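Here is a short report for a reader new to this structure. Take a look at the model before reading on.

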Amino acid sequence: QIAAEADTVIYCGGNDPEQVARECYDRKTIELPDVQRKAVLKLAETRPDFVFVIVSSYTYSMPFTDKRPAAILWTNHAGPELGHAFAQTVFGVHNPAGRTPVTWYECDEDLADIKDYDIMKNKMTYRWFEGKALYPFGHGLSYTGFEYSNVNYEVKENEIIVSADIRNIGKCDGEEVVQVYYRPVSQRIRRPVKQLCGFRRISVRAGESVHVEISVPLRELEFYDVSRQRFCLESGEYEIMTGASSSDIRHSGTVSVTGEVIPPRDFTIETEAQYYDREKNTEIYIDPITCESHVRGRKWVNTLTYQNVCLDGVKEIAVKAAAVVSEKKIAVLIDDAKEPACELTIAASDGYTDFNEYTAEIDISGNHDITLSFGENVCVSLIRTIK
């Protein structure tokens, strides 16, 4: 009744950080608490001009469909001055310019299992997510807007200089966070759909423009090369994207970067199984005593793929492995072949770390992708080729 009669309605929700956002406590859903969800849905029907304030330790999904609040204002638990900061923002004394450092997802179904941390396989975070985020990484609105123009990219010896003119097209002074992302145009291995590599917060008076330059060190374009177990900058073309968030890209361009050409893998050097390029249904285990690692199959069919392996002059492939309970086989497949090039028979072992080396003949030349395919409870420790 009070809300219906009020000039303005501000609804505050969120969570108590000491009760439901602490160590050893995980949410079962990203939905709002039921009492808050019902309240804001009712307000959306009766007072669609209401302001929804969220004070929380984490993100939420929003229950709104067509009728959304006039504004949603989010903050983390900001201490005793939160009330003053909130009031100044709502009444326009302060023009907000915050940017969300995480992705806000639309629903629970967009999330992977809480115990599965493989963000690449599960396509999580802005780097890998292919769906439509509720609020993307880097998102944040204010009481004004900004236009981007004259965006340029210049490659220098150790950096890329991103320059742009940012114009405040609103009626009040404000701050913009200019964000720069990148992705390799051609990808030898799977890389993120985009990755933040630079940003700059600037103040721009209403109606004015500011020229901004952002230096992106070339090391920001490096990735971890598992074949040599170190970071490297790969030569090639890179798309550089500039905008106001990870999804609000205002301009993009392509630059050519000189770095390394990654050589074929040399498996004549014994390689730990964990340094794969792709996997399916496996887990990496590390022995707490010896600190040695191995890869263990968890399901009926498990695979490990190693890309661009040099097989010139190779006569045998050797794998150090263990098979718990009963004898198992490891099939060695080349590239996209359905039939194995060879098979290794792994004898039943006394445990997950009772490793022995097994070899099989192989007669293939050139550079190829090698896939090891094996069953449940097969453990693979090392792989090498023999000339």
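## Paired strands

Two strands count as paired if DSSP finds at least two bridges between them. Strand β6 (residues 174–184) and β11 meet that rule, because 6 bridges join the two. They run antiparallel. The model is a predicted one.

One bridge can be named here. Proline 184 has tyrosine 238 in β11 as its bridge partner.

Strand β11 covers residues 236–243. It is mostly covered, with 6 of its 8 residues buried. β11 also pairs with strand β12 (residues 249–257). This pairing is antiparallel and runs over 8 bridges.

Which residue in β12 is the bridge partner of isoleucine 240? It is glycine 253. The link from β11 to β12 is a hairpin, made through 5 residues.

## An open sheet of 3 strands

Another group of strands forms an open sheet. It has 3 strands, in the order β4-β5-β8, and the pairing is antiparallel. The edge strands are β4 (146–155) and β8 (209–217), and each pairs on one side only. From one strand to the next, the twist averages 20°.

Strand β5 spans residues 159–168. It pairs with β8 in the antiparallel sense, over 9 bridges. Serine 163 stands opposite glutamate 213 in β8. As a rule, strands of a sheet pair through backbone hydrogen bonds, either parallel or antiparallel.

## Two nonpolar cores

How many residues does the largest nonpolar core have? It has 28. Those with the most contacts inside it are Tyr306, Ile330, Leu372 and Val380. Several strands give two or more residues to this core, among them β17 (302–310), β19 (328–334), β23 (367–374) and β24. β18 gives the most, with 4 residues.

Leucine 372 shows what such contacts look like. Leaving aside neighbours within four places in sequence, leucine 372 is in contact with residues including Leu304, Tyr306, Val319, Ile330, Val332, Val380 and Ile383. A second, separate core has 25 residues. This second core includes Tyr148, Val162, Val180 and Val255. In soluble globular proteins, nonpolar side chains tend to be buried together.

## Leucine 382

Leucine 382 lies in strand β24 (residues 378–386). Is leucine 382 buried or exposed? Its relative accessible area is 17%. The cut-off for buried is under 20%, so leucine 382 counts as buried.

Leucine 382 touches Glu270, Thr271, Glu272, Ala273, Ala318, Val319 and Lys320, not counting residues up to four places away in sequence. Valine 255 is elsewhere. Leucine 382 and valine 255 are 127 residues apart in sequence. In space they are 39 Å apart, C-alpha to C-alpha.

## Threonine 89 in a helix

Helix α3 (residues 82–90) holds threonine 89. The relative accessibility of threonine 89 is 9%, so this residue counts as buried.

What does threonine 89 touch, leaving aside its neighbours within four places in sequence? Its contacts are Leu73, His94, Pro96 and Tyr143.

## Cysteines

The structure holds 0 disulfides. Cysteine 232 is in no disulfide. Its nearest cysteine sulfur is that of cysteine 197, 17 Å away.

Cysteine 232 is buried, at 1% relative accessible area. Cysteine 107 is partly exposed, at 25%.

## Aromatic pairs

The count comes to 12 aromatic pairs. One of them joins tyrosine 58 and tyrosine 60. Their rings lie 5.5 Å apart, centre to centre, with 80° between the planes. Planes over 60 degrees apart count as edge-to-face, so this pair is edge-to-face.

Tyrosine 58 is buried at 17% relative accessibility, and tyrosine 60 is buried at 2%. Ring pairs also link Tyr11, Phe50, Phe52 and Phe64 into a cluster.

Terms used: Residues numbered from 1 in each chain as written. Predicted model: local features only at pLDDT ≥ 70, side-chain atom pairs only at ≥ 80, totals over all residues. Heavy atoms only, no water. Axes fitted to C-alpha atoms, helices over the stretch in contact; angles between N-to-C directions. Buried < 20%, exposed > 50% of the residue type's maximum accessible area, 1.4 Å probe, protein only. Contact = heavy atoms within 4.5 Å. Disulfide = S-S within 2.5 Å. Core = buried A, V, L, I, M, F, W, Y, C linked by side-chain atoms within 4.5 Å. Phe/Tyr/Trp six-rings, centres within 6.5 Å; stacked < 30°, edge-to-face > 60°.
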